[in-house]
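Here are my notes on the model, as numbered points. Please read them with the structure open.

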Amino acid sequence: MFLCSMNYLTVENISKSYGERVLFQGISFGINKDQKIAFVAKNGTGKTSILNIIAGLDTSDTGQVSSRKGLQIAYLSQEDKLDDDSTIEQAVFSSDNPVLKVIEQYEVALTDPENADTYQKAFELMELHNAWDFETQYKQILSKLKFPDLTLKIATLSGGQKKRLALAIILINKPDLLILDEPTNHLDLEMIEWLESYFKKEKITLLMVTHDRYFLERVCNEIIELDEGVLHKYKGNYSYYLEKKEERIAQEQTELGKAKNLFKKELDWMRRQPKARTTKSKSRIDDFFEIKDKAHQRRSDHKVQLEINMARLGNKILELHKISKSFDDLQILNKFEYVFKKGERIGIIGKNGTGKSSFLNIITDKIPIDSGKIMLGETVKYGYYTQKGIKAKEGQKVIDVIKEFGDYIPLAKGRKITATELLERFLFDRKKQYDFVEKLSGGERKRLYLCTVLIQNPNFLILDEPTNDLDVVTLNVLENFLLDFPGNLLVVSHDRYFMDKVVDSLFVFRGDAVIEHFPGNYSDFRAYEDSAPKEKVVVQKNTNTQTKTPTKNTLSYNEKREFEKLDKSISKLNAERIDLESQFANGEIDATKIPEVSQNLQKVITSIEQKEERWLELSMQMEG
C-alpha cells in the first residue's frame, strides 16, 4: 500500500508570449502538500510570469492551472499592494483570517477596560479559538522583521520595509500554499537566518524564486529548473541539484558528440544520393534534419577564466584616518581608521540602517565626512555598482548602453574581451544585445548595469548589493568573474554563499558606529560568533539584584609580548607576499627560478595563515 502526497496545485502545459517573443511554452508540474520547491531559471525567461499565472494575477496563452478546492494561496510578489493610508496594525488585521479578527477584538477591548462585558466576550473568544499562541507567534514574526511600532502609517515606510511587512502578513496568515518571489531581498542577514530557520521547522508548502543558495540548500526539498526552454525536476536540495545538473549536462554533451558524428555520416549520404527519392529515403531525410538540429545545439552557459590586464595599482590604495560621520542623531562612523592593502577583498555585513551603503558613498566622495581624512591613491580607478541601477535613454539598445562606457576590457598578452563578448558572458546573446532596454526584465537590467561597471576596467570594484534580482546562473558567472578580478574588491551583500565565495575578510557593522574587521568569510564569522563564550551571570551577595558581567580573560606577560610581535611579523610577511606576487605579475622572474619563488611564496602564505590564527586566538582571549 502506497501513501500518496496530497496534491495542492497542478500546472498543465502553460505558455506565454509577448508578440514574437516566446517566454516559455509547454510548462507542466505539480505542487503537493509539505513540498518546499525552488524555481530556478535565468532572468528574462519568465519566472515571475509563471508565479503570476499560478497566483491568478495573469493568464497563460495555453494550458491551465488547477488547484484543490478551498486552497488558500498567498503570493509575495515584487510589487507591494499595501494601502498607504493604513497603519501597520490595520494592514495585519485586514486579512480574512478568523483568528486575527478575534485578536483584533481583544486588542480593541483592552483599550476600553471600563467595558467589562466587551472585555469578557473578547476574552472568551480568545479562549474558544485558542488564539493566545497565535497572538504570540504573530507578534514574534513582526518583532523579527523589525516592526516594533504597529501604529506607523504604511506611507512612511521605505520600499524595503513594505516588502518585509508584506512578508510578515503572509507568514502570520499561514496559508496552505506560499508563493514567494525573492523573499530575502530587503532583509538583513539576521532576518534571513531567522526566516530560513522558520521555514525549516514549520510544516509549510512553498514555491519560491530565490537567488540565495544557502536558503535553497537548507530549506528546499525539490528544485525545478527551466533551462533552454525545457523543465527539469530535481528531488533534493541545492547541492543535489548541482550534482545532478552536472551529470545531465555531461550526458547532453555526450549525446551532442554522437549527434555530430551521425550528422557527418548523414550529410555524406545526402550528397551521394540521386535526385529521385523513395518513401524510405524521405523518412531518413526527415530524421537527418532532426539530427542536424541536435548537432547544432549550443549551451549558453559561460565559464569565465580571464586574465584581466587592469590599470596598475600603486602601493597607496585607500587610507581612512579617524573619519567620523553622523546623520542627525545617528552616528555611523566614529574616528574609523583603515589602510587598504593591494588586492584585498572585503565584504561588509550588518543590520539594515547601520550605515553600510553610506560608508560606500563616503569613500567614493558622494557624501562628505564630518571629520578625519580620506587619502586615495593616484592610480586607483573605482568601479562603483550602486543600488540605484541604470538609467538608459529612451529607445536605447542594450549594446549602445554598454558602448557608452567602453568598447573592451584588455586581457593579458594583448588579447581583449569586447563589449559584445562581455554581454555574451553575462548571458545576453547577440539577438538580445539589439533589444531595447525598456523590454528588459528587472534582473536583466541589473545584469546590464553590472556590465557597464565592468567594461570600464576598474582596479577597485565597489559593489552595493549586486546579487539582488540576479538569478543563480548569472550569480555563478559574476562570482567566476570576480574570482578572476586581480584588483581590490569591497562588497555589501546579504547573500551568504556569494560572500563566502568572493571575499577574504569582513567589515562587521555592529551599529552605533562600531565596526570590526574580521579576518575570514561569512561562514567563518558565523562559526566564530556561535563559539563565543556566553556572558556569565554573577550574583552579588546581600542584594536581590543580578547583574550580567562578562568574564574577562587577561594575557600573561609573555603572551602580550607574543601578541605585539605577531602584529609586526604579519605586516612584514604581507609585504614579502606582495613583493613575490608582483614579481609573478610583472614577469620579472627568470624561468628557471619560477619553482623556487613559487615555493617561497607558498611558505610565506602558510606562515601568514598560522600567525593570523594565533593572533586571532590571543585577541579573542583579550576581548574574552
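1. Helices (H or I, at least four residues) and strands (E, at least two) are DSSP runs, numbered from the N terminus. On that basis the protein chain has 19 helices and 22 strands. The model is predicted: local features need pLDDT of at least 70, side-chain atom pairs count only at pLDDT 80 or more, and totals for chains, interfaces and linings use all residues. Residues are numbered from 1 along each chain as its sequence is written, and side-chain values use heavy atoms, with hydrogens and water left out.

2. Overall figures come next. Of the 624 residues in the protein chain, 45% are buried (under 20% relative accessible area; exposed is over 50%, partly exposed in between; 1.4 Å probe, protein chains only). The accessible surface is about 34,000 Å², by the Shrake-Rupley method with a 1.4 Å probe, and for residues only the protein chains shown count as cover. Carbon and sulfur atoms hold 49% of that surface. Contact means heavy atoms within 4.5 Å. Among contacts in the protein chain with a separation of 6 or more, 68% join residues 24 or more positions apart.

3. Take the sheet 2-1-4. Three strands form this open sheet, and the pairing is antiparallel. Two strands pair if DSSP finds at least two bridges between them. Strand 2 (21-32) and strand 4 (62-67) are the edges; each has a single partner strand, so one side of each lacks a neighbour in the sheet. The twist averages 15 degrees from one strand to the next. Axes here are lines fitted to C-alpha atoms, for helices over the stretch in contact, and angles run from 0 to 180 degrees between N-to-C directions.

4. Strand 1 (residues 7-18) pairs with strand 2 over eight bridges, in the antiparallel sense. Within that pair, K16 stands opposite F24 in strand 2. Helix 1 (residues 47-54) packs on the sheet and touches strand 1, strand 2 and strand 4. The direction of helix 1 makes about 130 degrees with that of strand 1.

5. Strand 17 has parallel pairings with two strands listed here. With strand 14 (residues 382-385) there are four bridges, in the parallel sense; the bridge partner of Y384 is I462. With strand 18 (residues 488-492) there are five bridges, also parallel; L461 stands opposite L489. From strand 17 the chain crosses through helix 15 to strand 18, and this β-α-β crossover is right-handed. Right-handed means that, with the strands pointing away from the viewer, the path from the first strand over the helix to the second runs clockwise.

6. Check the loop between strand 17 (460-464) and helix 15 (472-484), where L470 lies. L470 is buried, at a relative accessible area of 0%. Leaving aside neighbours within four places in sequence, its contacts include N43, E182, H211, G443, K446, R447 and L450. L470 and G442 are 28 residues apart in sequence, yet 8.7 Å apart in space, C-alpha to C-alpha.

7. N468 lies in that loop too, between strand 17 and helix 15. At 8% relative accessibility, N468 counts as buried. Beyond neighbours within four places in sequence, N468 is in contact with N185, H211, K446 and H494.

8. Helix 14 (residues 442-454) has 13 residues, which at 1.5 Å a residue should span 18 Å; its end C-alpha atoms are 19 Å apart, which agrees. The expected span is 1.5 Å times one less than the number of residues. Eleven of the 13 residues are buried, so helix 14 is largely enclosed by the rest of the structure. Among the buried residues are G443, K446, R447 and L450.

9. Two backbone angles deserve a look. K174 is not a glycine, but has a positive phi of about 45 degrees. K174 is in the loop between helix 6 (159-173) and strand 6 (177-181), and is partly exposed at 36% relative accessible area. K335, also not a glycine, has a positive phi of about 55 degrees. K335 sits in strand 11 (residues 330-339) and counts as exposed at 55% relative accessibility.
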